[in-house]
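Welcome! Try each task before reading its solution.

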Amino acid sequence: MVKIEQLNGVTLAYLGDAAYEVYIRRHLLDLNITKVNLLQQRAKHYVSAKAQAALINLMLEENILSDDEIRIYKNGRNAKKYTKAKNTSVLTYHMSTGFEALIGYLDIKGNEERLNELISWCIKKVEAGETDAEQFE
């Protein structure tokens, strides 16, 4: 097994992207949303780069991250990427990569309690309409 310290931000983001999407898909299925088109439509409010940038922005504003978690986010945000943003700005893409890196870090570290806490917080913010993803267009 690779040591967490050896993983760069993009690798953590790769893992975090998948882990976060699984959590969100489970949440949507728990809401009894079973039609694939509706699942996809609803999921984008949680997992799009714009949504993730808005969520990490709120996390930083509300000081809910530890210093270590902020460091992981910044490392992911600042990591050199080999892909380009498709439907969003470079800044938004970098912020969402940092968000995914944080999720990947918590997942690979096995910190399920904190991971569940942050993802539950994200779900509540999205469902309450507190994420202004349009600011990241």
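**Exercise 1.** In this predicted model, find which helices the buried residues of H6 pack against.

*Solution.* Start by picking out the buried residues of H6: Arg114, Leu115, Leu118, Ile119, Trp121, Cys122, Ile123, Lys125 and Val126. Next, look at what these buried residues pack against: H1, H2, H3, H4 and H5. Finally, check the helix itself. H6 has 16 residues and spans 22 Å from its first C-alpha to its last, close to the 22 Å expected at 1.5 Å a residue. After H6 comes Gly129, with a positive phi near 70°.

**Exercise 2.** Work out how many residues the largest nonpolar core has, and which elements give two or more residues to it.

*Solution.* The largest nonpolar core has 35 residues. Those with the most contacts inside this core include Tyr20, Phe99 and Ile119. Two or more residues come from each of helix H1 (9-30), helix H2 (36-47), helix H3 (49-61), helix H4 (67-78), helix H5 (90-109) and helix H6 (112-127).

**Exercise 3.** Classify the aromatic pair that a search of the whole structure finds.

*Solution.* The search gives 1 aromatic pair. Its partners are Tyr20 and Phe99, with 5.0 Å centre to centre and 80° between the planes. Planes over 60 degrees apart count as edge-to-face, so this pair is edge-to-face. Now place the partners: Tyr20 lies in helix H1 and Phe99 in helix H5, 79 residues apart, so the pair links distant parts of the chain. Both residues are buried.

**Exercise 4.** Which residues does Tyr20 contact, leaving aside its neighbours within four places in sequence?

*Solution.* Going along the chain, Tyr20 touches Tyr46, Val47, Gln52, Leu55, Phe99, Ile103, Ile119 and Cys122.

Note on methods. Residues are numbered from 1 along each chain as its sequence is written. This is a predicted model: local features need pLDDT of at least 70, side-chain atom pairs count only at pLDDT 80 or more; totals for chains, interfaces and linings use all residues. Side-chain values use heavy atoms; hydrogens and water are left out. A nonpolar core is a set of buried Ala, Val, Leu, Ile, Met, Phe, Trp, Tyr and Cys residues joined through side-chain atoms within 4.5 Å. Buried means under 20% relative accessible area, exposed over 50%, partly exposed in between (1.4 Å probe, protein chains only). Helices (H or I, at least four residues) and strands (E, at least two) are DSSP runs, numbered from the N terminus. Contact means heavy atoms within 4.5 Å. The expected span of a helix is 1.5 Å times one less than its number of residues. Rings of Phe, Tyr and Trp (its six-membered ring) pair if their centres lie within 6.5 Å; planes under 30 degrees apart count as stacked, over 60 as edge-to-face and the rest as tilted.
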